[in-house]
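Hello,

Here is the structure we spoke about, with its sequence. My notes follow below.

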Amino acid sequence: MSENHLLDLAQDIVRRAQAGGASDAECTIAEGEEFSANVRMREIENLKEAGSRGAGLRILIGKKTGSSYTSDLSREGIERLVQSAIELADITTDDPHAGLPEREELGQIEGDLGLYSAAVADLDTGFKIETAKATEEAALSTDTRIFNSEGASFDNHAGRHVFANSRGFAGEYRSSYCSLSTSPVAKDGESMERDYWYTMARDFSGLESAVYVGTTAAKRALRRLKPVKVETQKVPVVFEPRTARSLLDNIFEAVHGMAIYRHESFLAGKLGEKVAHEDVTVVDDATIPGLFGTSPFDDEGVPSRRTVVIERGVLKSYLMNTYAARKLGIKTTGNASRGLTGNAGIGHGNFYLEKGVQSAEQIIGGIANGFYVTELMGFGVNTVTGDYSRGAAGLWIRNGELAFAVSEVTIAGNLKDMLTGIEAVGSDLEFRGSVAAPTLKIGEMTVGGR
Amino acid sequence: MVFSESVFAARFGITRQDLEGYLSEALSQGGDYADLYFEYLLTSSISIDESMVKSAAQGVSMGVGVRVISGERTGYAYSDDLSPEKIRKAARVAAHIASGPAKTGKFNLSEGARHNLYPVVTAPTETAFTDRVELVKRADRAARAYDARIFQVQAMYADNLRQVMVATSDGVLTVDRQPLARMSVSALARTKDGAPQRGHSGGGGRVELNFFLKEKTPEHFAAEAAREAIAMLDAVEAPAGEMTVVLGPGWPGILLHEAVGHGLEADFNRKGVSAFSGRVGQKVASELCTVIDDGTIGSRRGSLNVDDDGHPTQKNVLIENGLLRGYLQDKLSSRLMKNPSSTGSGRRESYAHIPMPRMTNTYMLAGESDPEEIIRSVPKGLYCVNFGGGQVDITSGNFVFSASESYLIEGGKLTRPVRNATLIGNGPEALKYVSMVGNDLRLDEGIGVCGKEGQSVPVGVGIPTIRIDRMTVGGTA
């Protein structure tokens, strides 16, 4: 289907909504194709291939809204889509802050953002299967203690995102990615542990090699064997980049515009105040070419941009869509996000903590007794209060070195103290997704164990 | 419902001959087994925030998934277009997994026995929006009226009506109409100078709208959310380290879901990657523990008349008096593990997903202890009555679940509420420390969502009050 067809369709849906009585309307159409090949213990396990698309509509009648979606893009399906949204505006409440962005706020950033590679779709199925097999094989052959595997996968996806609204915005972009992952299982006596590694890129050439992915996953599983449950104690805690990233997820939840106007964040009312250690700078940037949080416009048709959220420890900005910004009397930061339909929520672009100067080895080297966290479990983070309590596994730091594996423990504290307690920021920032952080050391947390 | 009355036959004109044709296409390259999963899904949701109904949405999606199994290999393709050409194309793509001569012949599709667990005449999705919007307005008013310290309330009501049809090369043809509704309320409380605290509640099931008018009203959920938020205003720091933990009845059954349920799913055990692999017949819990997964409880959120393989659901004993009895099987795992049959545990998120073994409603049978006696028996410990989510590492067996409302037990009495804390344990070990089981088995109110390998499905849990002599609590005090 041609590019213009879906853009025309989105604009047509907006016009139909207006003709049906909507004072404003916005339409999203998404189209995608997915492929995945899973191999396990050297054999093909699953092959999956398909494509799908759907359209979503949100309309306003005055200050009342209604939303709908459909996977049926036939004439009949579209008529029903429009009627459904209009029907629903009847039951919602007049909301003085509801509405689309102002015309002058709409737009998109120009230039090639490196989001799409046609070559991904052309990769041969046999080649993808062989790549997954090579990845698993690399893991299995790393060590005799790698005795089993949950398999390896090659996935790729290509999609098109179309958005149009009644204030004259119409835009679309394509994106693609491929990824390679494996999850080997290690065993030593009664101890059995698994871990994983993955790589993801906009096209095949951006992926780490099958051998690197496989051996990295295997080494990670091996170093978890024969873990100890340590005694309950307060110690310095180091988050490796993979777990440090989850702290960025927690910060994002706390600077989310909706949470701010509802006062359900421990960072509400703290703009301009010191909320983190002065070595901490957190940025949201949806304009970096090729990365996974990059897009030319947000899900309300507002151009993507770079926003400094925390600058040298001081809270500089929350992340906003049009609605939350109006509630707070400020401007959107271009962070609107939604699925096919509904009121826009708030999302992030590439949300990361700027790198520091120390290597992970230097950070660990300075700790006499501490915990290096390589895995976090569960959902025990309350961004209203900042209370933080999660399951953890990793390695114990003894006299500046990683000494032995630790599991079945918790780490706990409060995000307010944790952010100000970030005593060291590593130099090892890399983007494996849209959220990224380097190695981080927090001065003290409670490790719950025996 | 029978095939001829289904949306697929009545609206899309699909015939038995069509289904047999698609199955033939799916097995055109050989293959041991093929199935078709048709889905037609209507959804709606309404939410209120700041006493304004800010959002209302409805939608429709449909599609068909085609699966071909050849030995241990699965080929899968789907289409969101139910036209014959598109279904045939999906069948041809899935067929590529096999390489052999075409399987031909008749599949003798016949409609077998099925439960009738949710005889809902009018699904909530089919009722007037003006009735459903009242639910969130009532919840908002009730939560605010509960206490002057409640200052923010959000309530959400969502329902869906899923029509499914499964046709398999081993002759199964089954259709089901699966209504599901739930509402949830979140309330924030604060004192003059203190930090806000959140309370949360919700529930529902495969029910008519009347359930929310007669049985579990918006006022019930609102009061529960507001009560929790108010209770937490006085919370002190949670303790850290190993201690005695008492779980209250109902939703704390999430312990079973994380500690044993996932580890007993047959796919992990077929592959030997679960901490429970090869342990059938062994002691994995104290003899006070009998754990069931039951997909046949009427009107429950986790129940299904047939699973997504087209197999009737059943009541499965996972652990009996502490001994591991068996795994949760789907069609593929039961074939490969040479198990007599599926346990009716094959589930999938939608037509775009490959089915796998999943839980339905997982609970522990009641014991004989008086719940108050259980609390009185603990000199020092933690009493947990409400939880957020949980997670498990299947291979090591380590699991967590996060307490959102709990109280210190001191000298056999509940004293102070404590702040959120994660509990951590090891699946095959944790239930060995269960020393008392209450006579008050309760199922949760119907709000659970289980995620596995990127697929979400609705589930239920349940548990009586239990005492666990040793568990690690992740507080700071």
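Contact between chains A and B

The contact takes in 59 residues of chain A and 65 residues of chain B. Please keep in mind that this is a predicted model.

On the chain A side, the elements that supply two or more residues are strand 2 (43-61), strand 3 (64-70), helix 2 (75-89), strand 4 (146-165), strand 6 (191-194), strand 16 (387-398), strand 17 (401-414) and strand 20 (440-448). Strand 2 of chain A gives the largest share, 11 residues. By type, the residues on this side of chain A are 13 nonpolar, 30 polar and 16 charged.

There is also strand pairing across the two chains: strand 3 of chain A and strand 2 of chain B run parallel and are joined by four bridges. Within that pairing, A:Ser67 has B:Ala57 as its bridge partner.

Domains of chain B

Where they touch, 38 residues of domain 1 of chain B are in contact with 28 residues of domain 2 of chain B.

Several elements give two or more residues to the domain 1 side, among them strand 1 (33-49), strand 2 (52-70), strand 4 (150-168) and helix 6 (218-232) of chain B. The largest share, six residues, is from strand 5 of chain B. The residues of the domain 1 side divide into 14 nonpolar, 14 polar and 10 charged.

Regards

Technical notes
Residues are numbered from 1 along each chain as its sequence is written. Chains are lettered from A and ligands numbered from 1 in the order in which they are written. This is a predicted model: local features need pLDDT of at least 70, side-chain atom pairs count only at pLDDT 80 or more; totals for chains, interfaces and linings use all residues. Two residues are in contact if their C-beta atoms, placed from the backbone, lie within 7 Å. Ala, Val, Leu, Ile, Met, Phe, Trp, Tyr, Cys and Pro count as nonpolar, Asp, Glu, Lys and Arg as charged, and the others, Gly among them, as polar. Two strands pair if DSSP finds at least two bridges between them.
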